[in-house]
Amino acid sequence: MNSLFLAIDKSSEVSISDGALYSILAIIMVFVVLLIIIGITTLIFKLTGLFELKAELDKAKSNNNETKNEVQKSNNEHVVIKDDDMLAAVLVASIDYQNEIKKDVKVVYVNEL
């Protein structure tokens, strides 16, 4: 351990104030290196246009989520499940119909008799 400090300071003992100074300098160096890495990656992103691509993807996702919510709201206006027995009946009927036609089934309307 002394050999490391001897390379920095020629004395064989390091005071607390010198140790604190070395620690602060090391922390500052780490942050400077991180800022350089962030700057380089930001520059690469700007040069390659990845920021614009990410913005377009985020916009497309938000538009897609809004249309999904609107479709779900419009489809669920006719389906009103009042109790657990009604839910079970709808599930059994949809599973039976799906097995009958061998295709996906979507419940659009429920009518209580």
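User: What span does helix H4 reach from its first C-alpha to its last, and what span is expected?

Analyst: H4, with 18 residues, reaches 26 Å from its first C-alpha to its last, close to the 26 Å expected at 1.5 Å a residue. The expected span is 1.5 Å times one less than the number of residues. Helices (H or I, at least four residues) and strands (E, at least two) are DSSP runs, numbered from the N terminus. This is a predicted model, in which local features need pLDDT of at least 70 and side-chain atom pairs count only at pLDDT 80 or more, while totals for chains, interfaces and linings use all residues. Residues are numbered from 1 along each chain as its sequence is written, and side-chain values use heavy atoms, with hydrogens and water left out.

User: Why is Ser-94 called buried?

Analyst: Buried means under 20% relative accessible area, exposed over 50%, and partly exposed in between (1.4 Å probe, protein chains only). Ser-94 has a relative accessible area of 16%, and is therefore buried. Its place is in helix H4, residues 84–101. Leaving aside neighbours within four places in sequence, Ser-94 is in contact with Val-105 and Val-107, where contact means heavy atoms within 4.5 Å.

User: What makes the buried residues of H4 line one face of the helix?

Analyst: The buried residues of H4 are Met-86, Val-90 and Ser-94. Seen down the axis of H4, they fall within an arc of 65 degrees, so they line one face. The arc is that of the directions from the helix axis to the C-beta atoms. The face turned away from this buried side carries the exposed residues Asp-84, Asp-85, Val-92 and Glu-100. Just after H4, Lys-102 takes a positive phi of about 60 degrees.

User: What makes Lys-54 and Asp-58 a salt bridge?

Analyst: A salt bridge is a side-chain nitrogen of Lys or Arg within 4 Å of a carboxyl oxygen of Asp or Glu. The closest N and O atoms of Lys-54 and Asp-58 are 3.2 Å apart, and the two residues form a salt bridge. By this rule the count comes to one salt bridge. Both residues lie in helix H3, four residues apart, about one turn of the helix.

User: Why are Lys-54 and Asp-58 called neither buried nor exposed?

Analyst: Lys-54 has 48% relative accessibility, so it counts as partly exposed. Asp-58 has 40%, and therefore also counts as partly exposed.

User: Which residues make the nonpolar surface patch, and which helices supply them?

Analyst: The patch of about 970 Å² is made by Ile-24, Ile-28, Val-32, Ile-36, Ile-40, Ile-44, Phe-45, Leu-50, Phe-51, Leu-53 and Leu-57. Patches are made of residues with over 30% relative accessible area and no salt bridge: like charges are joined within 9 Å, nonpolar side chains (Val, Leu, Ile, Met, Phe, Trp, Tyr) within 5 Å. Helices H2 (16–48) and H3 (50–75) each supply at least two of the patch residues. The largest share, seven residues, comes from H2.

User: Why is Ile-28 called partly exposed?

Analyst: Ile-28, which lies in helix H2, has a relative accessible area of 46%, so it is partly exposed.

User: How many helices and strands are there in the protein chain?

Analyst: There are four helices and zero strands, and along the sequence the chain follows the pattern α-α-α-α. Buried residues make up 4% of the 113 residues.

Key
Areas by Shrake-Rupley, 256 points an atom, 1.4 Å probe, with all protein chains shown as cover.
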